[in-house]
Each structure stands twice: as structure tokens, then as C-alpha cells.
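Trainee: I would like to know how the labels used for a protein model are decided. Please take me through them one at a time.

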Amino acid sequence: LLREAVTIERSCHSSLENNIASTIRHLSEAFVLLDETDKAIELTKEAMDIAKVSLPSSYLELAGCMNTLGACYRSRGEYDNAISWYDKSIQLITRSSLSCNLDLASS
């Protein structure tokens, strides 16, 4: 069902990058649960590439992708790699939140 959703969203308007990235990331999370981490990592990296196109509006999706990669590596027992991705996710959210707050303060 999620694969069909991705196909449908890809065939729609290109402004849906964030929705496509989100759908692909959710599909990758299903593969983590199925213990198919290679496929999950592949899909998550695809979602990250799509989310990067829509920055800065997609920073939360990009951070979510980083978090999902952390879960993939944690599932594999690659804890140092998992921690690295979790840390990148936190850093992105922190930087983006600070930037948003500075933008609000200056307006």
C-alpha cells in the first residue's frame, strides 16, 4: 500500500517532494521492523535526497530521515553509527529551531 502511495505521489506535481520523502521514510521504517535494514537504509537515503531539495521547509523531514537511519544502524547493532545519525538529527533540529526563532525575533 505504501509503495502504491509513493508511485501515486511521484506521478503528481513536483511540489510534493516533502510528502514523497515522508512516505518513503515511513516505508523504510516498515522495512526496519521487518529486519530488512539494507532496504530501509536505501529508502531512507532516497528520502533524504528528496527532502534536501525542499530545504529549509523540509528540515523536520530531513531530521526524521536522520533519526530513521539511526534506528536502522541501532537495529544492526552498529551503535556508534546509530549515535552519529541521532546526533546529526538533534543538531539539525537545534540549528533550524534557532534560525526560526531569530527570524521571528527580527520581524
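Mentor: Start with the disulfide, which is a pair of cysteine sulfur atoms within 2.5 Å. The structure holds zero disulfides. Note that this is a predicted model, where local features need pLDDT of at least 70, side-chain atom pairs count only at pLDDT 80 or more, and totals for chains, interfaces and linings use all residues. Residues are numbered from 1 along each chain as its sequence is written, and side-chain values use heavy atoms, with hydrogens and water left out.

Trainee: What makes Cys65 count as buried or exposed?

Mentor: Relative accessible area decides: under 20% is buried, over 50% is exposed, and in between is partly exposed (1.4 Å probe, protein chains only). Cys65 has 0% relative accessibility, so Cys65 is buried. Cys72 is also at 0%, and therefore counts as buried. Of the 107 residues of the protein chain, 38% are buried.

Trainee: How many helices and strands are there in the protein chain?

Mentor: The protein chain has five helices and zero strands. Both kinds of element are DSSP runs numbered from the N terminus: helices are H or I with at least four residues, strands are E with at least two.

Trainee: How do you know what span helix α3 should have?

Mentor: The expected span of a helix is 1.5 Å times one less than its number of residues. Helix α3 (residues 37-53) has 17 residues, so it should span 24 Å; its end C-alpha atoms are 25 Å apart, which agrees. Among the buried residues of α3 are Ala40, Ile41 and Leu43.

Trainee: What makes Asp38 and Arg76 a salt bridge?

Mentor: A salt bridge needs a side-chain nitrogen of Lys or Arg within 4 Å of a carboxyl oxygen of Asp or Glu. The closest N and O atoms of Asp38 and Arg76 are 2.0 Å apart, and the pair forms a salt bridge. Asp38 lies in helix α3 and Arg76 in helix α4 (residues 59-76), so the pair ties together parts that are 38 residues apart in sequence. Asp38 has a relative accessible area of 56% and is therefore exposed, whereas Arg76, at 33%, is partly exposed.

Trainee: Which other residue forms a salt bridge with Arg76?

Mentor: Glu78 does, with its closest N and O atoms 3.5 Å apart. Within α3, Glu42 and Lys39 lie three residues apart, about one turn of the helix. Their side chains meet in a salt bridge at 3.6 Å, N to O. The whole structure has five salt bridges.
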